[in-house]
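Open the model in your viewer and keep the sequence panel beside it. The stops below are meant to be followed in order, with a selection at each.

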Amino acid sequence: MRKLMAGLFHSIDGVVEAPNLFQFDSFDDELGVLLTGVQERVSDVLLGRVGYEEWSRYWPNAQVDDDFARFINGVPKHVASDTLSGPLGWNNARLIDGDLLDFVRGLKQGSGGEIAAMGGISLVRQLLFAGQLDELVLITHPVIAGNGRHLFEPGDPTTRLALVDSQVTSKGNVVQTYRLA
């Protein structure tokens with residue numbers, strides 16, 4: 001069975017939305033190695049509607065971060081949305097037809113490398129609480145963002161996690177990998 005993982009940049013106060021607004025100079029060589037490893041293992045990406053809309057406007061014409069642009073533009077992208085319709089304009093992107101969780105279970109049973117949930121806070125939450133997310137990686141930057149959406153919300157179910165790996169990078173980022181307990 002294929003592994004489904006999600007990795008999110010995270011501030012100390014829990015913000016995961018728009019990390020480009022709070023990363024500043026904290027992205028270091030260790031994070032580069034970690035993310036390159038993810039790109040090498042991932043053969044399918046799941047995106048939510050908001051993430052798809054933002055990324056499909058930026059990454060096809062990105063002038064920076066050639067490695068990630070090459071990866072995200074080339075990888076098959078499966079988009080979860082109740083509001084988008086028709087063929088999607090971004091290379092290798094298609095709408096998920098039918099129930100998200102049924103689709104994910106089928107994708108995990110198929111062949112290929114790892115699956116990454118990217119560009120979707122709601123998507124990651126739904127997959128985690130449905131028991132479909134095999135690993136949640138939080139990359140906590142040493143900053144208080146102050147504003148923005150959090151991954152977890154009041155009223156979320158109590159959910160036990162097991163810390164399976166952690167590391168601190170040279171610029172003070174804490175990379176924490178969790179699985180459901």
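The tour goes through the sheet and then the salt bridges.

Two notes before starting. This is a predicted model in which local features need pLDDT of at least 70 and side-chain atom pairs count only at pLDDT 80 or more, while totals for chains, interfaces and linings use all residues. Residues are numbered from 1 along each chain as its sequence is written, and side-chain values use heavy atoms, with hydrogens and water left out.

**The sheet**

Show the strands as a cartoon; strands (E, at least two residues) and helices (H or I, at least four) are DSSP runs, numbered from the N terminus. Eight strands form an open sheet with mixed pairing, in the order β4-β3-β2-β5-β1-β6-β8-β7. At the edges stand β4 and β7 (161-168), each with a single partner strand, so one side of each has no neighbour in the sheet. From one strand to the next the twist averages 25 degrees. Angles here run from 0 to 180 degrees between N-to-C directions, and axes are lines fitted to C-alpha atoms, for helices over the stretch in contact (heavy atoms within 4.5 Å).

**Around strand β3**

Select residues 77-80, which make up strand β3. Two strands count as paired if DSSP finds at least two bridges between them. Strand β2 (residues 42-48) pairs with β3 in the parallel sense over four bridges, and Gly48 stands opposite Ala80 in β3. Strand β4 (residues 93-95) also runs parallel to β3, joined by three bridges; Ala93 in β4 is the bridge partner of Lys77.

Buried means under 20% relative accessible area, exposed means over 50%, and partly exposed lies in between (1.4 Å probe, protein chains only).

Select residues 4-11 for strand β1 and residues 114-118 for strand β5; the two pair in the parallel sense over three bridges. Ala6 stands opposite Ala117 in β5.

**Salt bridges**

How many salt bridges does a search of the whole structure find? There are eleven, a salt bridge being a side-chain nitrogen of Lys or Arg within 4 Å of a carboxyl oxygen of Asp or Glu.

Go to helix α2 (residues 49-58), where Glu53 and Arg49 lie four residues apart, about one turn of the helix. Their closest N and O atoms are 2.8 Å apart in a salt bridge. Glu53 is partly exposed at 26% relative accessible area, and Arg49 is partly exposed at 30%.

Next, select helix α3 (residues 66-74), which holds Asp67 and Arg70, three residues apart. They form a salt bridge with closest N and O atoms 2.8 Å apart. Arg70 is exposed, with a relative accessible area of 57%.

Finally, select Glu135 and Arg179, whose salt bridge has its closest N and O atoms 2.8 Å apart. This pair links distant parts of the chain, 44 residues apart: Glu135 is in strand β6 (residues 135-141) and Arg179 in strand β8 (residues 174-180). Glu135 counts as buried at 9% relative accessibility, whereas Arg179 is partly exposed at 38%.
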